[in-house]
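Me: I have a structure open and would like to learn how to read its features. Could we start with charged side chains?

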Amino acid sequence: LRLPLGACRSIRPACKRIRFVPPAALPFTVSAGTSRRSQRPTFRLLYQQTYASNVYAFAKDPPMLEPNSLTIFLAICAVESAGRLDAYNSREQAAGPAQIRPAYLQDANQWLLAHGLPTYRLSDRFQLAASHAICRAYWARYKCKTDEQRARCHNGGPLGMKKKATLPYWNKVQKHLRKARA
């Protein structure tokens, strides 16, 4: 079961403080900066266009959410779905660019409710800004401070930072981070 890229336009934004950007405005089309083999955007193009479009209004976010997590989030998206908004894994029920599972969303929503913030629905996982906010809430709940902690926690759950099985995943994310910073 896959949602077509255009279907994301009909999903309303889950939170008033996050400006909804239709998929047509995001850098997920074949254009300059895409890799020829996969016809998907390179990480550098994805980062530059997302950052330049000012999708995220971090100034209004509560202080307990880490605002400087855009680079690691986009690296995770590059590893998980190659930046595709419509990615869906039916076996794990993981959806969106960050491949967020229902249990992950539930953990993030519990933290958001405890802090009096708006929560997200399963359909919001297909939006880039909402996926980033979900990940930030999850990382805040489990006190992930560094990029390594965030990536390994995203892959292995709350105790992922301590699991050896998440090290290969962290190495993949690091490759994308190096490309972005080069």
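Reply: A salt bridge is a side-chain nitrogen of Lys or Arg within 4 Å of a carboxyl oxygen of Asp or Glu. Side chains of opposite charge can pair when their charged atoms come close. Keep in mind that this is a predicted model. In it, Arg141 and Asp107 form a salt bridge, with N and O 3.9 Å apart. This pair ties together distant parts of the chain: Arg141 belongs to helix H4 (residues 128-141) and Asp107 to helix H3 (residues 102-114), 34 residues apart.

Me: Is Asp107 buried or exposed?

Reply: Buried means under 20% relative accessible area, exposed over 50%, and partly exposed in between. Asp107 counts as buried because its relative accessibility is 18%. Arg141 has 27%, so Arg141 counts as partly exposed.

Me: How many salt bridges does a search of the whole structure find?

Reply: The search finds 7. One of them joins Asp147 to Arg150, with the closest N and O atoms 3.4 Å apart. Another joins Arg152 to Glu148, where the closest N and O atoms are 3.2 Å apart.

Me: How should I read the spacing of such pairs along a helix?

Reply: An α-helix has 3.6 residues a turn, so residues three or four places apart point the same way. Asp147 and Arg150 are 3 residues apart in helix H5 (residues 147-156), so about one helical turn separates them. Arg152 and Glu148 also lie in helix H5, 4 residues apart, which is about one turn of the helix. There is also a network: salt bridges with shared partners join Arg91, Glu92 and Arg101.

Me: How many residues of H5 are buried?

Reply: Helix H5 is mostly covered, with 7 of its 10 residues buried. Among them are Ala151, His154 and Gly156. The buried residues of H5 pack against helix H2 (70-81), H3, H4 and helix H6 (167-181). Just after H5 comes Gly157, with a positive phi of about 85°.

Me: Now the overall picture. What pattern does the protein follow along the sequence?

Reply: Read along the sequence, the pattern is α-α-β-β-α-α-α-α. The protein has 6 helices and 2 strands. Of its 182 residues, 48% count as buried.

Me: What share of the contacts with a separation of 6 or more comes from residues 24 or more positions apart?

Reply: Such residues account for 57% of those contacts. The pair Arg141 and Asp107, 34 residues apart, also links distant parts of the chain.

Me: And the surface?

Reply: The accessible surface of the protein comes to about 9700 Å², and 53% of this area belongs to carbon and sulfur atoms.

Notes:
Residues numbered from 1 in each chain as written. Predicted model: local features only at pLDDT ≥ 70, side-chain atom pairs only at ≥ 80, totals over all residues. Heavy atoms only, no water. Buried < 20%, exposed > 50% of the residue type's maximum accessible area, 1.4 Å probe, protein only. Contact = heavy atoms within 4.5 Å. Areas by Shrake-Rupley, 256 points an atom, 1.4 Å probe, with all protein chains shown as cover.
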